[in-house]
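Colleague: I would like to learn how to read a fold like this one. Could you take me through it feature by feature?

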Amino acid sequence: MGEGVGVRFETKMMIDGKLVDGEAGAFANINPATEEVLGEVADASNADMHRAIDAARRAFEETDWSTNHGFRQRCLLQLQEALESEQEELREELILEAGCPRAITHGPQLDAPLSDALRYPAQLIGEYPWETSPGDALVSVTGVNTTRRIWREPIGVVGAIVPWNFPFEISIHKIGQALGTGNTVVLKPAPDTPYNATRLGRLIAESTDIPPGVVNVVTASDHLVGEQLTLSPKVDMISFTGSTPVGRRIMEKGAATMKRLFLELGGKSATIVLEDADFAVGCMMGIAPCMHAGQGCANPTRLLLPRSRYDEGVEILRGIYEGVVPGDPQDPGTLCGPVISDRQRSRIRGYIRKGVEEGATLLVGGAEPPDGREKGFFVRPTLFVNVDNSMTIAQDEIFGPVLSVIPFDDEDDAVRIANDSPYGLAGNVMAGTVDHALAVAKRLRAGFIGVNGTAGYGADTPFGGYKASGVGRQNGVAGFDQYTEIKSVAYPAS
């Protein structure tokens with residue numbers, strides 16, 4: 001294993017229960033805050049990926065993993081205990097390789113998912129309706145009084161493809177539900193953040209009774225290695241979190257083998273601050289794109305303000321954005337750290353220039369490098385006002401610390417603007433009363449709505465989007481369901 005600042009990096013991937021090197025050699029893992037190399041990690045070839053797929057297929061077909069509910073439950077709790085034993089190392093690792101601010105590891109990057117992403121599906125194994133019945137009936141096509149049963153069974157081999165923004169959070173939720181339902185898994189992390197995934201592989205191999213092949217972790221610098229999961233007929237389902245263009249490609253490439261799909265994709269979420277809201281609190285929601293430098297698919301990057309109070313809201317936002325300084329993710333006071341790579345930084349700066357070209361008012365920030373940040377992939381927190389919802393910066397997912405502030409005339413106009421997007425992942429409504437906010441929330445075409453500053457995040461709550469924001473839901477019983485097939489069984493009633 002490699003060494004970091006108090007962190008032991010796992011440099012090998014895990015295939016068929018063994019920690020192994022990659023046929024393609026190794027690739028570097030870069031700290032986005034410093035641009036320094038943290039170390040190397042195994043670089044898989046297509047052949048490596050197919051070995052992992054074969055191992056998952058064998059484990060599904062030749063072990064009792066898919067049917068032994070009690071054993072699965074015990075193994076998930078073993079993994080929970082193992083992760084907790086290295087929780088602080090994992091925290092440092094995420095800060096180093098993802099550039100995520102330390103404060104956020106105490107929430108959605110680490111502590112929040114670690115609290116329930118495995119415990120919830122472990123508990124659900126014992127409570128889930130694996131067998132139900134619509135009752136006996138005289139079936140007209142046979143004339144026989146018939147007992148009917150409906151069984152829920154695992155789908156088979158799941159290819160889990162994970163992005164770099166919240167890598168552990170996404171991986172552990174996918175693994176928890178896929179394993180809880182009796183599937184086997186090939187986990188493909190993003191090449192930008194491989195170490196949290198290889199740590200998972202090591203802990204599964206060393207500290208649990210999960211049989212070899214049930215979980216495989218394949219790291220690769222080439223994204224097309226991950227595409228083998230989509231192409232292989234031995235893989236039954238793809239569970240993907242990432243961009244909408246890649247999600248479309250997965251749907252297209254998976255069609256040949258009729259892949260089952262869970263796709264949690266992009267977003268361009270809107271926060272609506274209604275006229276009767278606590279305006280200062282409502283405008284504070286505008287700071288959300290600064291969290292983790294805007295690298296969150298559900299981050300509300302459009303803020304809708306009533307035209308009657310627009311100037312008031314803009315001044316509040318100006319003060320907020322002038323006070324947010326990109327900082328060292330190791331600092332507990334940092335909200336906005338680096339973005340993941342030079343490529344992503346260049347992409348975000350291009351959008352900022354596009355916003356200026358299309359006529360939006362750049363009030364704070366801009367495409368220039370932040371002061372005092374010669375190293376690291378930092379972007380200035382950027383506030384655009386006088387934005388028309390048809391502008392590129394209001395329609396495209398930028399995935400950076402950029403907020404577009406859009407005026408609306410009345411409540412109907414606010415709903416129209418919020419829904420005028422190819423995406424439908426999340427949103428927020430700020431109003432004077434909960435009932436008022438809920439009435440507006442019902443009109444929004446998005447899958448995850450927060451009211452008056454709250455969010456329903458948790459392993460028991462379905463998360464996913466409408467429209468181009470994806471297919472299916474992660475978490476909750478709905479998420480558990482999507483990792484199962486339905487089998488209807490009939491036999492003569494006794």
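**Pockets, sheet and cavities**

Modeller: Start with a lining. By class, the second largest pocket is lined by 18 nonpolar, 14 polar and 2 charged residues. Keep in mind that this is a predicted model.

Colleague: How many residues line the second largest pocket, and which lie nearest its centre?

Modeller: The lining has 34 residues, and Met291, Ala298, Asn299, Phe448 and Ala455 lie nearest the centre. The space in this pocket is about 880 Å³.

Colleague: Which element gives the largest share of that lining?

Modeller: Strand E21 does, with 3 residues. Helix H7 (167–180), helix H11 (279–284), strand E21 (426–430) and strand E22 (448–451) each supply at least two residues.

Colleague: What is the volume of the largest pocket?

Modeller: About 1100 Å³. Its lining has 37 residues, with Trp164, His223, Phe240, Ser243 and Val246 nearest the centre. By class, they divide into 18 nonpolar, 10 polar and 9 charged.

Colleague: Which helices and strands each supply at least two residues of the lining of the largest pocket?

Modeller: Helix H9 (223–231), strand E13 (237–241), helix H10 (244–254) and helix H13 (342–357).

Colleague: Take a residue of H13. Is Gln344 buried or exposed?

Modeller: Gln344 lies in H13. The cut-off for buried is under 20% relative accessible area. Gln344 has 10% relative accessibility, so Gln344 counts as buried. Leaving aside neighbours within four places in sequence, Gln344 is in contact with Trp164, Val339, Ile398 and Phe399. Trp164 is also among the residues nearest the centre of the largest pocket.

Colleague: Now the sheet. How do I read the strand order?

Modeller: Begin with the general idea. Strands of a sheet pair through backbone hydrogen bonds, either parallel or antiparallel. In this model, an open sheet of 7 strands runs in the order E17-E18-E19-E16-E15-E21-E22, and the pairing is mixed.

Colleague: Why is one side of E17 and of E22 left without a neighbour in the sheet?

Modeller: Both stand at the edges. E17 and E22 each have a single partner strand, so one side of each has no neighbour in the sheet. Neighbouring strands of this sheet are turned by 25° against each other on average, direction ignored.

Colleague: Which way do the side chains of E18 point, and are they buried or exposed?

Modeller: Strand E18 covers residues 382–385. Thr382 and Phe384 point one way, Leu383 and Val385 the other. All of these residues are buried.

Colleague: What lies across E15, E21 and E22?

Modeller: Helix H16 (residues 434–441) lies across strand E15 (269–273), E21 and E22. H16 runs at about 160° to E22.

Colleague: How many cavities of 30 Å³ or more does the structure hold?

Modeller: It holds 2. A cavity is a space where a 1.4 Å probe fits but cannot get out. The largest cavity has about 110 Å³ of space. Its lining has 16 residues, with Ala270, Arg302, Ala418, Ala426 and Ala446 nearest the centre. They divide into 8 nonpolar, 5 polar and 3 charged. E15, helix H15 (411–419), strand E20 (423–424) and E21 each supply at least two residues.

Colleague: What lines the second largest cavity?

Modeller: That cavity holds about 50 Å³. Its lining includes Gly267, Lys268, Ser269, Asn299, Ile398 and Phe399. By class, the lining has 3 nonpolar, 6 polar and 2 charged residues. Asn299 is also among the residues nearest the centre of the second largest pocket. Ile398 and Phe399 are also contacts of Gln344.

Colleague: One last residue. Is Ile95 buried or exposed?

Modeller: Ile95 is buried, at a relative accessible area of 1%. Helix H3 (residues 87–98) contains Ile95. Beyond neighbours within four places in sequence, Ile95 is in contact with Cys100, Arg102, Thr105, Pro329 and Gln330. Gln109 is 14 residues from Ile95 along the chain, and their C-alpha atoms are separated by 9.5 Å.

Methods: Residues numbered from 1 in each chain as written. Predicted model: local features only at pLDDT ≥ 70, side-chain atom pairs only at ≥ 80, totals over all residues. Heavy atoms only, no water. Buried < 20%, exposed > 50% of the residue type's maximum accessible area, 1.4 Å probe, protein only. Helix = DSSP H or I, 4+ residues; strand = E, 2+ residues; numbered from the N terminus. 1 Å grid on protein atoms, 1.4 Å probe; cavity = no way out; pocket = protein on both sides within 12 Å on 5 of 7 lines; lining within 4 Å. Points joined across faces, edges and corners; volume = space filled by probe spheres on them. Nonpolar A, V, L, I, M, F, W, Y, C, P; charged D, E, K, R; others polar. Contact = heavy atoms within 4.5 Å. Pairing = 2+ DSSP bridges. Axes fitted to C-alpha atoms, helices over the stretch in contact; angles between N-to-C directions.
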